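Please read it alongside the sequence and the structure.

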Amino acid sequence: MSVEASGFLPINLLTGFLGSGKTTLLKRILADPAFADTAVLINEFGEIGLDHDLVESVDGEMVLLRSGCVCCTVRDDLATALKELYSRRERGLLPPFRRVIIESTGLADPFPVLSTIKADPVLRHHFCAGNVITTVDTVNGLRQLDTYIESNRQVAVADRLIVTKADLEADSKGDSLRARLRTLNPDAPILTAADPNLDLSSLVAVQSDVSPSGSLSQSGFYCEEPVRLVSSDGVPHQAAISSISLSIDRPVDWTAFGLWLTMLLNRHGERVLRVKGILNLNGEERPVAVHGVQHLVHTPVHMDGWPSEDRSSRLVFILDGLDGALLKRSFEAFTLAHMPVVASCQIAAAR
């Protein structure tokens with residue numbers, strides 16, 4: 001599913017492991033005037049302890065806050081809740097919110113929430129995927145990443161990473177956590193919840209363009225090395241997460257690449273945690289940035305220019321239990337069948 005911003009209401013997902021500070025961050029969002037045009041779907045009102053001074057009116061499972069933010073609970077069916085929310089908006093029963101934030105449970109894989117948009121034709125007509133915002137606890141984050149695959153997946157698919165409880169631990173532990181997060185997710189901004197200058201509105205901001213000096217590394221790509229998932233003591237991670245890097249030194253045919261990626265994600269989308277890269281396309285002077293999370297693929301972005309003299313196309317895939325070598329062979333056979341070039345590949349697996 002391609003993410004189109006114009007004319008659609010973006011759905012942003014707030015996720016993070018149990019106890020990572022999602023509720024605290026959500027309370028700040030609900031009280032912030034910058035989110036007056038936001039609808040927030042939560043698990044339980046009681047969990048966030050809404051201050052009565054903030055509540056303007058209550059209607060069943062929906063609450064209108066004085067900030068203008070609409071807050072409602074999700075009981076069983078997320079799709080039904082979103083449709084009801086949109087219906088009330090269109091009938092003038094709710095303020096005309098411009099975005100949605102959904103709070104997920106701590107053990108949830110973030111993708112099923114996002115796939116709800118793609119699977120439902122009504123939702124697909126009105127909503128698009130926004131940012132995945134993941135909170136990570138400085139105190140317990142490293143241990144959780146060592147132990148739980150859900151924690152790794154939440155970090156890997158994030159567009160924004162929020163480090164919480166940084167004031168409760170030594171700087172060295174915070175540095176170790178940030179290094180681990182950067183390995184799992186090379187390009188998502190890492191923000192600190194306790195930072196007094198944190199602009200909460202940046203969490204849902206749409207990145208309308210990609211600049212060479214922005215999210216790319218010095219080599220001209222998002223990730224210098226493949227992901228190497230190991231526990232904090234250096235032992236290979238128990239989860240079957242791996243990454244593969246592809247570098248192609250000739251222009252790529254966009255049609256062939258698009259068909260290959262579509263078939264890959266249709267067959268194995270749940271196991272492709274993230275794909276990101278820059279492409280040198282036939283007939284294009286500027287590089288094109290591509291970005292996808294499982295079945296969801298963002299609209300390709302024409303960058304302002306190449307970040308270096310290197311004009312190679314480069315792609316990184318973060319995989320969960322998928323053979324990177326087979327993916328490479330599939331890519332070469334389908335996309336490079338008529339090109340006299342071999343894609344170089346690096347694979348780092350954690351078994």
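1. A pocket is here an open set of points on a 1 Å grid over the protein atoms alone, where a 1.4 Å probe fits, with protein on both sides within 12 Å along at least five of seven lines; lining residues have an atom within 4 Å of a point. The model is predicted: local features need pLDDT of at least 70, side-chain atom pairs count only at pLDDT 80 or more, and totals for chains, interfaces and linings use all residues. Residues are numbered from 1 along each chain as its sequence is written, and side-chain values use heavy atoms, without hydrogens and water.

2. The lining of the second largest pocket comprises 15 residues, with G258, L261, T262, L265 and V297 nearest the centre. Its volume is about 250 Å³, taken as the space filled by probe spheres set on the points, which are joined across faces, edges and corners.

3. At least two lining residues come from each of α9 (254-268), β13 (288-293) and β14 (296-298). The largest contribution, seven residues, is that of α9. Helices (H or I, at least four residues) and strands (E, at least two) are DSSP runs numbered from the N terminus.

4. By class, the lining holds eight nonpolar residues, six polar and one charged. Nonpolar covers Ala, Val, Leu, Ile, Met, Phe, Trp, Tyr, Cys and Pro; charged covers Asp, Glu, Lys and Arg; the others, Gly among them, are polar.

5. In strand β8 (residues 127-137), 11 of 11 residues are buried, that is, under 20% relative accessible area (1.4 Å probe, protein chains only).

6. Strand β8 pairs in the parallel sense with β2 (residues 9-16) over seven bridges, and I11 stands opposite A129 in β8. A parallel pairing of five bridges also joins β8 to β9 (residues 160-164), where R160 is the bridge partner of I133. Pairing requires at least two DSSP bridges between two strands.

Note on methods: Buried < 20%, exposed > 50% of the residue type's maximum accessible area, 1.4 Å probe, protein only.
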